[in-house]
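Here is a short briefing to read alongside the model. Keep the viewer open and follow each group of points in turn.

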Amino acid sequence: MTGGLAVKSFEELMALKERIGREEATDEIKIMVGMATCGISAGAKPVMKALMAFVEEQGLKQVKVKQTGCIGICRLEPMFEIFEPGGERTTYVDMTPEKAVEVLEAHLLHHHVIEKYTIGAYD
Amino acid sequence: MDQKHSVLEMDYIRKQERIALKNCGLIDPERIEEYIRYDGYQALAKAILQLGPEGVIEEVEASGLRGRGGAGFPTGRKWRSGYLAKGNEKFIICNADEGDPGAFMDRSILEGDPHSVIEAMTIAAFAIGATKGFIYVRAEYPIAVKRLQIAIDQAHEMGFLGSDIFGSGFGFDIELRLGAGAFVCGEAKALIASIEGKRGMPTPKPPRTNDKGLWSKPTILNNVETFANIPPIIRNGAGWYAAIGSEKSKGTKVFALGGKINRTGLVEIPIGTPLREVIFDIGGGIPGGKKFKAVQTGGPSGGCIPTEHLDVKIDYESLQDIGSMMGSGGMIVMDEDNCMVDIARFFLEFSVEESCGKCTPCREGTKKMLGILEKITSGEGVMSDLDDLERLGQIIKDTSLCGLGKTAPNPVLSTLKYFRDEYEAHVKDKTCPAGVCKALLQYTITDKCIGCGICKTVCPVSCITGNKKEKHVIDPSACIRCGACQEACPVDAIIKR
């Protein structure tokens with residue numbers, strides 16, 4: 001997307017930033033999976049695979065599953081957060097591949113938050 | 001909505017001030033686009049296109065940022081000396097050889113936001129006139145290594161590294177160097193020796209690395225977290241940063257909370273936050289209703305801080321005043337079940353193993369101290385041992401060549417100061433009040449015993465006797481204090497003390 005072209009000015013950098021922002025669809029739902037050492041050692045890789053498989057199977061084109069670093073709550077890994085276009089942010093913790101699929105079914109298909117899996121239920 | 005769903009609503013995050021960790025957990029660290037989207041590389045543009053080298057150094061000086069590796073040296077002053085140093089070639093090094101047990105602040109930054117370090121190193125290089133940089137990262141951090149290399153390659157592709165950055169004619173490159181796991185290589189001069197391909201050992205100062213560092217060229221070496229603070233400082237201005245923190249120490253510090261604490265993990269707090277707030281409000285206090293005993297800051301080089309100092313405001317000077325140190329940010333909480341003599345022994349053992357052996361006080365002295373501690377924990381200590389520990393500790397602090405030896409006695413000296421009664425209990429009464437030191441423990445069967453005989457069956461040395469349905473007895477001279485009987489007892493009749 002960057003075309004391998006070096007950024008040469010502040011204006012070019014800001015234009016690039018704008019462009020990156022625009023490329024994100026307005027209805028995009030982002031799922032960020034904690035994939036730092038703490039997350040991976042707690043089992044984040046199978047969770048991420050399960051999330052990606054679910055999104056693919058259901059053909060949810062507006063949903064992007066991405067990896068991210070550690071937010072600092074290492075004791076509740078594996079965790080992921082769902083960011084919705086309206087600014088809603090939901091943090092699901094202590095995940096397994098099975099729970100992750102359960103969460104996506106409820107959250108993405110039925111707009112229902114599974115309270116008992118959110119951070120609020122743990123802390 | 002009654003229930004909290006998002007991490008942002010939790011006290012744990014709300015009470016933090018995230019600058020170095022700003023992007024961690026928010027962006028995909030393997031995509032430079034996401035870093036740019038969250039204002040990445042704007043600080044580099046501002047540094048090169050607006051501020052110029054002197055302007056950058058002035059900003060960093062005015063920000064009040066101090067080295068986050070533990071020593072707390074003013075970063076701006078370091079950069080200025082690098083700028084003023086004469087040399088046809090200069091280097092920037094990022095110290096990512098995070099080795100304190102229980103510390104993982106730098107790993108989290110490298111894994112979660114590698115571009116922040118690369119951007120900062122490039123700014124530093126521009127400021128002092130360096131053309132080449134190295135990140136010395138432990139081989140034990142494979143994910144960090146992988147993401148750093150991806151980030152370096154991406155930065156190259158977009159022209160944030162390489163030649164003629166932002167069309168200014170300034171060029172800079174970064175290479176990774178992997179550390180093989182020696183703790184002492186986190187020391188600046190040992191680290192530099194390691195990059196040069198020599199054995200990782202410290203050398204006397206002066207000369208300082210600012211003048212004669214890597215291959216005897218002027219070299220500025222900063223820690224990962226220090227670098228991670230640079231882009232926000234340049235972007236938002238020194239005034240913004242200097243408004244956060246305490247009188248003498250500006251900004252924030254990341255701590256790795258561990259040990260006997262409910263919410264283990266990473267926290268970033270304004271410097272000057274009281275210790276109590278970090279442990280109880282953010283960390284959620286001690287699990288299982290146990291009592292707080294001490295907190296260890298600064299890893300194996302730090303000291304144990306007791307309850308009476310819980311209200312100390314966390315900054316470089318205050319922690320030093322009470323016999324500990326800021327260190328790189330490890331924070332290990334201990335409760336009533338921790339034996340302070342054993343804790344001191346544990347940390348000292350680490351230093352003994354990691355001493356490079358070059359200077360005598362550290363090589364021999366710490367070993368002697370460990371020997372005395374082992375004598376005490378096995379019940380053979382005498383009162384003069386405590387004075388010997390103090391004397392030896394002070395001499396090692398005063399005469400060691402590098403920071404490792406200079407700080408290695410801290411856990412012993414601080415526990416001797418604040419928990420002398422525990423040492424005395426080990427020596428005089430031959431007991432371990434916390435019930436940790438095996439040689440001093442005695443397992444006893446109380447009247448609660450129902451005479452079921454389970455303990456007798458599990459005892460590996462057959463030192464328990466007693467008839468069915470009668471109280472059983474442990475022979476202390478044969479007991480190996482394995483604790484198997486206590487675990488197996490169905491009515492909790494066996495106590496250790």
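This is a predicted model: local features need pLDDT of at least 70, side-chain atom pairs count only at pLDDT 80 or more; totals for chains, interfaces and linings use all residues.

Phi of Ser216(B) is positive, near 60 degrees, although the residue is not a glycine. Is Ser216(B) buried or partly exposed? With 14 other C-beta atoms within 10 Å, Ser216(B) is partly exposed.

**Backbone features of chain B**

- Lys205(B) and Pro206(B) are joined by a cis peptide bond, with omega about -10 degrees.
- Another cis peptide bond joins Pro206(B) to Pro207(B), and here omega is about 5 degrees.
- As background to these points, a negative phi is what most residues other than glycine have, and most peptide bonds are trans.
- Tyr41(B) is another non-glycine residue with a positive phi, near 65 degrees.
- You will find Tyr41(B) in the loop between α2 (32-37) and α3 (42-63) of chain B.
- Tyr41(B) has 29 other C-beta atoms within 10 Å; the cut-off for a buried residue is 20 or more, so Tyr41(B) is buried.

**Helix α11 of chain B**

- Which residues of α11(B) are buried? In this helix, residues 275-282, they are Leu275(B), Val278(B), Ile279(B) and Ile282(B).
- These buried residues line one face of α11(B), because they fall within an arc of 120 degrees when seen down the helix axis.
- The general rule behind such a pattern is that an α-helix has 3.6 residues a turn, so residues three or four places apart point the same way.
- The cover over the buried residues of α11(B) includes α1 (11-14) along with the strands β5 (252-259), β6 (265-270), β7 (292-297), β8 (303-306) and β9 (330-335) of chain B.
- After α11(B) comes Gly284(B), with a positive phi near 80 degrees.

- His156(B) belongs to helix α7 (residues 142-157) of chain B.
- His156(B) has 15 C-beta neighbours inside 10 Å, so it counts as partly exposed.
- Beyond its neighbours within four places in sequence, what does His156(B) contact? Its contacts there are Leu161(B) and Gly162(B).
- Ile174(B) lies 18 residues from His156(B) in sequence, and their C-alpha atoms are 9.7 Å apart.
- Chain B is divided into domain 1 (20-242), domain 2 (252-335), domain 3 (340-429) and domain 4 (442-496).
- The centres of domain 1 and domain 4 of chain B, taken over C-alpha atoms, are 59 Å apart.

**Chain A as a whole**

- Chain A contains 5 helices and 4 strands, in the order α-β-α-α-β-β-β-α-α from the N terminus on.
- Along the principal axes, the C-alpha atoms of chain A fill a box of roughly 50 × 30 × 25 Å.
- Of the 123 residues in chain A, 39% are buried.
- Among the contacts in chain A with a separation of 6 or more, 66% are between residues 24 or more positions apart.
- Confidence in chain A averages a pLDDT of 93, with 97% of its residues at 70 or more.
- By element, mean pLDDT in chain A is lowest for α5(A), at 92, and highest for α3(A), at 98.

**Helix α4 of chain A**

- The 14 residues of α4(A), residues 97-110, should span 20 Å at 1.5 Å a residue, and the 19 Å between the end C-alpha atoms agrees with this.
- Ala100(A), Val103(A) and Leu104(A) are the buried residues of α4(A).
- These three lie on the same side of α4(A), because they cover an arc of only 100 degrees around the axis.
- That side packs against α3 (44-58) and β4 of chain A.
- Glu98(A), Leu109(A) and His110(A) are exposed on the other side of α4(A).
- His111(A) follows α4(A) and has a positive phi, near 50 degrees.

**Where the chains meet**

- The contact takes 37 residues from chain A and 38 residues from chain B.
- On the chain A side, the elements giving two or more residues are α1 (10-23), β2 (63-68), β4 (89-92) and α5 (119-122).
- Which of them gives the most? It is α1(A), with 6 residues.
- By class, this side of chain A has 15 nonpolar, 14 polar and 8 charged residues.

How values were computed:
Residues are numbered from 1 along each chain as its sequence is written. Chains are lettered from A and ligands numbered from 1 in the order in which they are written. Two residues are in contact if their C-beta atoms, placed from the backbone, lie within 7 Å. Ala, Val, Leu, Ile, Met, Phe, Trp, Tyr, Cys and Pro count as nonpolar, Asp, Glu, Lys and Arg as charged, and the others, Gly among them, as polar. The expected span of a helix is 1.5 Å times one less than its number of residues. A residue is buried if 20 or more other C-beta atoms lie within 10 Å of its own, exposed if 12 or fewer, and partly exposed in between; C-beta atoms are placed from the backbone. The arc is that of the directions from the helix axis to the C-beta atoms. Domain bounds come from an automatic or database domain assignment. pLDDT is the predictor's confidence in each residue, from 0 to 100.
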